[in-house]
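Biologist: I have the sequence and the model open on my screen. Could we go through the fold together, beginning with the helix packing?

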Amino acid sequence: MSDEDRDTKKTTFFSKNPIMCPVCDTSFYKEDLLSGGGRLIAGELTEELHRTYEPSKKFGELYPLVYAVLVCPSCYYAVYPQDFHEVKEEFIERLKEETDKRVQSVSLVFKDLDFTNYRGLKEGAAGYFLAIMCYDLLDRHYSPTFKRALSALRAAWLLDSLHRKAFGENYDYLSRLFYRKARFFYIQSVEMAQNGQEPLEAKVNFGPDLDKNYGYDGLLYITGLLEYRYGPRQDKERRLKSLENAKRIVSKLFGTGKASKNKPSAILDKARELYDEMNNEIRQLQEQG
Ligand SMILES: [Zn+2]
């Protein structure tokens, strides 16, 4: 895109004030989406509660998720904006020590990354990849298991979009890899929230997308859905066990009459459908004897 096009079809802007990276002291500017003026035209909400957007004639395709992780272009320290300056000294040291590892790992998966300029889908997906690595070093006060789950799911979505633009680049393979990662972290996050190892505070934005926070119900539903779609299938026994577990998690969402009245119907309907699908598969597996 030429500079002139950039001006008239502007879709993002860089922060006025520089941001200082607490890990390597580099100053940089954060890119954000301009969402007004008909730039974002909401499309379908997928089964995974992912909000898609219709391309606009003037501005083309936009992917708000690309900008949600704050990434230092120099040391690749990457977390959600609310955590960026809140990381304690002891973790800063660990993040510093792991810089080379971070830079090497991400460049094995994504070629020619550039976080100093306008981001593309590739930088968006890579940002979540880096966030997964960074949250791995933080303690439970940062809800790292849930944030790795969320980041893996969003990376899978962006990689899926990339695949549709660039067939044959293995982005579909990578997307599946991140879906499986998401399934692993989502189930771990629910278990750790339930046994108190990593409580999820009210301030956590559960997403899973940026347009709406579906809260803890959303977490339960997505966990069940990912287990259903990406859980173990090597043999019947394991599949049955995983489906029963997914059913148990999703059923927590229904509650009793009064409690479910306040829940958005979008998620209740989707959860009921999922519950029925899992029941059907369980019955079929059992009938096979
Ligand atoms: Zn840095």
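Modeller: Helix 6 and helix 7 are roughly antiparallel to each other, where an angle over 145 degrees counts as roughly antiparallel, under 35 as roughly parallel, 65 to 115 as roughly perpendicular and the rest as oblique. Please note that this is a predicted model, in which local features need pLDDT of at least 70, side-chain atom pairs count only at pLDDT 80 or more, and totals for chains, interfaces and linings use all residues. Residues are numbered from 1 along each chain as its sequence is written.

Biologist: At what angle do helix 6 and helix 7 pack, and how far apart are their axes?

Modeller: Helix 6 covers residues 144-165 and helix 7 covers residues 171-194; the angle is about 160° and the axes are 7 Å apart. Axes are lines fitted to C-alpha atoms, for helices over the stretch in contact, and angles run from 0 to 180 degrees between N-to-C directions. Helices are DSSP runs of H or I with at least four residues, strands are runs of E with at least two, and both are numbered from the N terminus.

Biologist: Which residue classes make up the contact of helix 6 with helix 7?

Modeller: That contact has 16 nonpolar, 5 polar and 4 charged residues. Here Ala, Val, Leu, Ile, Met, Phe, Trp, Tyr, Cys and Pro count as nonpolar, Asp, Glu, Lys and Arg as charged, and the others, Gly among them, as polar.

Biologist: What about helix 8 and helix 9: how do they pack?

Modeller: Helix 8 (residues 215-230) and helix 9 (residues 236-251) pack at about 165°, and their axes are 8 Å apart. This makes helix 8 roughly antiparallel to helix 9. Residues of helix 8 including Tyr-221, Gly-224 and Tyr-228 meet residues of helix 9, among them Leu-243, Ala-246 and Val-250. Two residues are in contact if their C-beta atoms, placed from the backbone, lie within 7 Å. By class, the contact of helix 8 with helix 9 holds 7 nonpolar, 4 polar and 1 charged residues.

Biologist: And helix 8 with helix 11: parallel or antiparallel?

Modeller: Helix 8 and helix 11 are roughly parallel. Helix 11 spans residues 265-287, and it packs against helix 8 at about 30° with the axes 10 Å apart. The contact of helix 8 with helix 11 has 7 nonpolar, 2 polar and 2 charged residues.

Biologist: Let us step back. How many helices and strands are there in the protein?

Modeller: There are 11 helices and 8 strands. The C-alpha trace spans about 65 × 50 × 45 Å along its principal axes. A compact globule of 289 residues would have a radius of gyration near 19 Å, and the 20 Å of the protein agrees with that; the radius is taken over C-alpha atoms, and the globule rule is 2.2 Å times the number of residues to the power 0.38.

Biologist: What percentage of the residues is buried?

Modeller: Buried residues make up 33% of the 289. A residue is buried if 20 or more other C-beta atoms lie within 10 Å of its own, exposed if 12 or fewer, and partly exposed in between, with C-beta atoms placed from the backbone.

Biologist: On that scale, why does Leu-62 count as buried?

Modeller: Leu-62 counts as buried because it has 20 C-beta neighbours inside 10 Å. Leu-62 lies in the loop between strand 6 and strand 7. Leaving aside residues up to four places away in sequence, Leu-62 touches Thr-11, Leu-33, Arg-39, Leu-40 and Tyr-53.

Biologist: And Phe-59, what does it touch?

Modeller: With the residues up to four places away in sequence not counted, Phe-59 touches Lys-9, Thr-11 and Arg-39. Phe-59 is found in the loop between strand 6 (51-54) and strand 7 (70-71). Phe-59 is partly exposed, with 17 other C-beta atoms within 10 Å.

Biologist: Where does Pro-208 lie?

Modeller: Pro-208 is in the loop between helix 7 and helix 8.
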